[in-house]
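This report covers the overall build of one chain and then the setting of a single residue in it. The sequence and structure come first.

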Amino acid sequence: MSDSQIKYLPDKIHVHRWPQDSPIWDDFTQKQLDDSINKNPEKKQITIKDKIIQIENFEFTSLKNIGISVPFFKEECTLIFEAQFGELFAHVHITIKSKNYLDVFNQLTSWKNKF
């Protein structure tokens, strides 16, 4: 999968500190995340290439505990993972509700299986 990548525009993204015993994020980092991702309603491009997930200016590496789901009775797909960005650790939820959510689910599942 080294030459291919997955790109899509999710409807909702939330990034928070995880695990609980990881270093506390400074105010600047939390404000950056809130302003560009958590509290910004504009769609943000997600780019997944190999073992890196890029959201805006944030590059998430050291991915683990990756989950991909399609909840019952909802037309959406959610990607959840733990990762590192810089020296900090995070838990990230990315949800897409567009009509191609099953295509995204299949791409993400294929990527995860190759991972």
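## Burial and surface

A residue counts as buried when its relative accessible area is under 20%. The model is predicted, and in it buried residues make up 38% of the 115 residues in the chain. The chain exposes about 7,200 Å², of which carbon and sulfur atoms supply 50%.

## Fold and dimensions

The chain has two helices and seven strands. Read along the sequence, these elements follow the pattern β-β-α-β-β-β-β-β-α. Of the contacts between residues at least 6 apart in sequence, 58% join residues at least 24 apart.

The C-alpha trace spans about 35 × 30 × 25 Å along its principal axes. A compact globule of 115 residues would have a radius of gyration near 13 Å, and the 14 Å of the chain agrees with this.

## The setting of Lys44

Lys44 lies in the loop between α1 (27-38) and β3 (46-49). Leaving aside neighbours within four places in sequence, Lys44 is in contact with Tyr8, Leu9, Pro10, Ile13, Ser36, Ile37 and Glu56.

What is the nearest side chain of opposite charge to the buried Lys44? That side chain is Glu56, 6.2 Å away. A salt bridge requires a side-chain nitrogen of Lys or Arg within 4 Å of a carboxyl oxygen of Asp or Glu, and Lys44 has none.

The side chain of Lys44 does reach backbone oxygens: that of Glu42 at 2.3 Å and that of Asn40 at 2.6 Å.

Definitions and conventions:
Residues numbered from 1 in each chain as written. Predicted model: local features only at pLDDT ≥ 70, side-chain atom pairs only at ≥ 80, totals over all residues. Heavy atoms only, no water. Helix = DSSP H or I, 4+ residues; strand = E, 2+ residues; numbered from the N terminus. Buried < 20%, exposed > 50% of the residue type's maximum accessible area, 1.4 Å probe, protein only. Lys, Arg positive; Asp, Glu negative; His and termini not counted. Polar contact = N/O pair within 3.5 Å; in protein donor to acceptor, adjacent residues only side chain to side chain. Contact = heavy atoms within 4.5 Å. Rg over C-alpha atoms; globule rule 2.2 N^0.38 Å. Areas by Shrake-Rupley, 256 points an atom, 1.4 Å probe, with all protein chains shown as cover.
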